[in-house]
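User: I'm new to this structure and would like to learn how to read it. Could you walk me through it, one feature at a time?

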Amino acid sequence: MTPNLQIELRRFISSNVVSKLNKFYFENDALLIKGIDVSIGTVLMGLYNKSEESGFYKEIISLIDDNSRFYGEVDFASGRILSVDDCYRVEGNDLLKEIFTSKKGRISEMISNEVGIKSETAREILNFSALLVVSYLKNNIQLLDSLKLLLEEQKRDILNSIHPGIKIILGFSCYESVDDKNQANLGRSIFTLFGHNFF
């Protein structure tokens with residue numbers, strides 16, 4: 001069965017994880033969850049943008065060491081993060097440099113502005129999200145060969161979870177996330193509007 005990447009990754013963000021993260025950030029829980037969700041989607045679309053670079057996916061998961069503190073704290077079988085400490089502040093940074101190169105700072109600032117969380121929080125949860133996404137892929141290495149196709153199929157839903165300013169920085173149009181159903185309804189409404197006059 002084809003996994004929905006965003007849903008699979010969201011299940012790791014339990015209320016327990018949020019309360020532990022908030023020991024560091026003191027944000028509103030709902031905004032922190034929203035910020036993590038946006039960050040996960042942003043990292044996935046960053047990986048999508050790298051899909052044409054041969055060997056990139058294998059290269060990025062090789063940056064996750066089996067002895068990494070974060071990787072060791074994730075129970076992939078049950079979809080839980082066992083412990084949350086600040087190891088991701090360092091461990092996630094290298095991943096983000098590879099995925100976003102020079103755009104990392106602008107992206108975290110945009111997450112801060114559009115979600116309504118502090119700049120420091122946005123920077124750190126982007127690190128956290130990058131580690132979670134890449135750790136998940138490392139643990140599910142069989143997905144790498146079909147990752148480009150998976151991201152292409154799920155792109156619309158992922159983009160719907162990302163704010164317009166972030167989409168623009170990532171190189172996507174704000175209109176790329178318009179739902180197919182809405183487009184079909186728009187087409188029908190235009191036909192109805194003009195149909196009586198011209199047909």
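Analyst: Happy to. Let's begin in a loop: T101 lies between α6 and α7. Helices here are DSSP runs of H or I with at least four residues, strands are runs of E with at least two, and both are numbered from the N terminus. Its backbone is worth a look, as T101 has a positive phi near 45° although the residue is not glycine.

User: Before we go on, what kind of model is this, and what gets counted?

Analyst: The model is predicted, so local features need pLDDT of at least 70 and side-chain atom pairs count only at pLDDT 80 or more, while totals for chains, interfaces and linings use all residues. Residues are numbered from 1 along each chain as its sequence is written, and side-chain values use heavy atoms, with hydrogens and water left out.

User: Is F26 buried or exposed?

Analyst: Buried means under 20% relative accessible area, exposed means over 50%, and partly exposed is in between, using a 1.4 Å probe and protein chains only. F26 has 65% relative accessibility, so the residue counts as exposed.

User: How many helices and strands does the protein chain have?

Analyst: The protein chain has 11 helices and 2 strands. Starting at the N terminus, the order is α-α-α-α-α-β-β-α-α-α-α-α-α. Of its 199 residues, 48% count as buried.

User: How do I read a single helix, say α7?

Analyst: Start with its span: the expected value is 1.5 Å times one less than the number of residues. Helix α7 covers residues 104-116, which is 13 residues, and its first and last C-alpha atoms are 18 Å apart, close to the 18 Å expected. Next, check which residues are hidden: K104, I107, S108, I111, S112 and V115 are buried in α7. They lie on the same side of α7 because they span an arc of only 140° around the axis, the arc being that of the directions from the helix axis to the C-beta atoms.

User: Which helices do those buried residues pack against?

Analyst: The buried residues of α7 pack against α3 (29-49), α6 (88-100), α8 (119-139) and α10 (164-170). Contact means heavy atoms within 4.5 Å. Setting aside neighbours within four places in sequence, A122 is in contact with S108, I111, S112 and I117. A122 and I36 are 86 residues apart along the chain, and their C-alpha atoms are separated by 8.5 Å.

User: What should I know about a nonpolar core?

Analyst: In soluble globular proteins, nonpolar side chains tend to be buried together. Here a nonpolar core is a set of buried Ala, Val, Leu, Ile, Met, Phe, Trp, Tyr and Cys residues joined through side-chain atoms within 4.5 Å. The largest one has 61 residues, and L21, V43, L47, I111, F128 and L151 touch the most other members. Helix α8 gives the most to this core, with 11 residues. Beyond its neighbours within four places in sequence, V43 is in contact with L96, I99, F100, L126, S129, A130 and V133.

User: And how many salt bridges does a search of the whole structure find?

Analyst: A salt bridge is a side-chain nitrogen of Lys or Arg within 4 Å of a carboxyl oxygen of Asp or Glu. The search finds 7. One of them joins D37 and R10, whose closest N and O atoms are 2.6 Å apart. That pair links distant parts of the chain, with D37 in helix α3 and R10 in helix α1 (residues 5-10), 27 residues apart. D37 is buried at 19% relative accessible area, whereas R10 is partly exposed at 36%.

User: Where is K50, and what is its salt-bridge partner?

Analyst: K50 is in the loop between α3 and α4 (56-62), and its partner is E53, with the closest N and O atoms 3.2 Å apart. K50 is buried, with a relative accessible area of 13%, while E53 is partly exposed at 40%. Leaving out neighbours within four places in sequence, K50 is in contact with F56, Y57, E98, I99 and T101.
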